[in-house]
Amino acid sequence: MTSVTAGPSPVLSRLPSLTGLRWIAALLVYGFHAATMRVVAEPDQQAVLSKVFTLGLSGVQFFFILSGFVLVWSARPEDSKRAFWRRRAAKIYPNHILMWAVVLLVGLWFTDPVNLRAAVTNLFLLQAWDPTPGHFYSVNTVSWSLSCELFFYFCLPFALPLIRRARPWMLWLVVVAVP
């Protein structure tokens, strides 16, 4: 006879079923960039690539939506805003700072001019919110998405109590109305 222990059920922190969706979104983003950068020289094949991956940019939006879903789903009710922000910063900043430095060093090696204000804005992941021309894609160009994520991370602890209090029909209304 086996004994059953009473106690709280384990909190799920991963959603492995979403890995396949992430792979599809990544493929769409990759294909979109391959098409827009014209990595295929033959015109007919380039046309097919462009046609197939025309909606590939939607993969980025999908990643944002998926990340938001996973963050809300795995949110710790007892968490403080500061603890949440600290965990998020610890997840993205070390790699960002490393790549920021690598890109700057490579740029300096090739004597690319460095706009100090743009570089500092990029370091603090504020470039997506700086309307100055040339700052959005400054230094490590793909870090614009981290700049957006950082803003979402800032907003989530304020929105989460409202989301938790909302009735399910209200959440479905938002899901249907927003697109």
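The notes below go through the model topic by topic.

This is a predicted model, where local features need pLDDT of at least 70, side-chain atom pairs count only at pLDDT 80 or more, and totals for chains, interfaces and linings use all residues. Residues are numbered from 1 along each chain as its sequence is written, and side-chain values use heavy atoms, with hydrogens and water left out.

**What the record says**

- UniProt, in an unreviewed entry, puts a "domain: Acyltransferase" feature at residues 17–178. UniProt positions follow the numbering used here, feature names are shortened, and annotations may be inferred rather than shown by experiment.
- In the model, residues 17–178 are 70% helix and 0% strand, with 25 Å between the end C-alpha atoms. Helices (H or I, at least four residues) and strands (E, at least two) are DSSP runs, numbered from the N terminus.
- The unreviewed UniProt entry also carries the annotation "transmembrane region" for residues 21–40, 52–72, 92–110 and 142–163.
- Take residues 52–72: this span is 76% helix and 0% strand, and its end C-alpha atoms sit 32 Å apart.
- For residues 142–163, the figures are 91% helix and 0% strand, with the end C-alpha atoms 30 Å apart.

**Helix H1**

- H1 covers residues 19–36, and its 18 residues should span 26 Å at 1.5 Å a residue; the end C-alpha atoms are 26 Å apart, which agrees. The expected span is 1.5 Å times one less than the number of residues.
- Which residues of H1 are buried? They are Ala25, Val29, Gly31, Phe32, Ala34 and Ala35. Buried means under 20% relative accessible area, exposed means over 50%, and partly exposed is in between (1.4 Å probe, protein chains only).
- An α-helix has 3.6 residues a turn, so residues three or four places apart point the same way.
- What do the buried residues of H1 pack against? Their partners are helix H2 (43–52) and helix H3 (58–73), where contact means heavy atoms within 4.5 Å.
- Just after H1, Arg38 has a positive phi of about 55°.

**Salt bridges**

- Side chains of opposite charge can pair when their charged atoms come close.
- How many salt bridges turn up in a search of the whole structure? The search finds two. A salt bridge here is a side-chain nitrogen of Lys or Arg within 4 Å of a carboxyl oxygen of Asp or Glu.
- One of them joins the side chains of Asp79 and Arg87, at 2.4 Å from N to O. Asp79 is partly exposed, with a relative accessible area of 24%, and Arg87 is partly exposed too, at 30%.
- Arg117 and Asp130 also meet through their side chains in a salt bridge, at 3.4 Å from N to O. Arg117 is in helix H5 and Asp130 is in the loop between H5 and H6, so this pair ties together parts that are 13 residues apart in sequence.
- Asp130 counts as buried, at 11% relative accessibility.

- Leu116, Val120, Phe124, Leu126, Trp129, Phe151 and Phe152 make a nonpolar surface patch of about 720 Å². Helix H5 (116–123) and helix H6 (144–165) are the elements that give two or more residues to this patch.
- Patches are made of residues with over 30% relative accessible area and no salt bridge; like charges are joined within 9 Å, and nonpolar side chains (Val, Leu, Ile, Met, Phe, Trp, Tyr) within 5 Å. Accessible areas come from the Shrake-Rupley method with a 1.4 Å probe, and for residues only the protein chains shown count as cover.
- Leu116 belongs to helix H5 and counts as exposed, at 63% relative accessibility.

**Loops to look at**

- Is Thr111 buried or exposed? Thr111 counts as exposed, at 67% relative accessibility.
- Thr111 is in the loop between helix H4 (81–109) and H5, and its phi is near 55°, a positive value in a residue other than glycine.
- Phe110 is also placed in the loop between H4 and H5, and counts as exposed at 56% relative accessibility. Phe110 and Gly20 are 90 residues apart in sequence, and their C-alpha atoms are 39 Å apart in space.
- Val139 lies in the loop between H5 and H6, is partly exposed at 22% relative accessibility, and has a positive phi near 50°.
- Thr141 is found in the loop between H5 and H6 and is partly exposed, at 38% relative accessibility. Its C-alpha atom is 9.1 Å from that of Asn122, with the two residues 19 apart along the chain.
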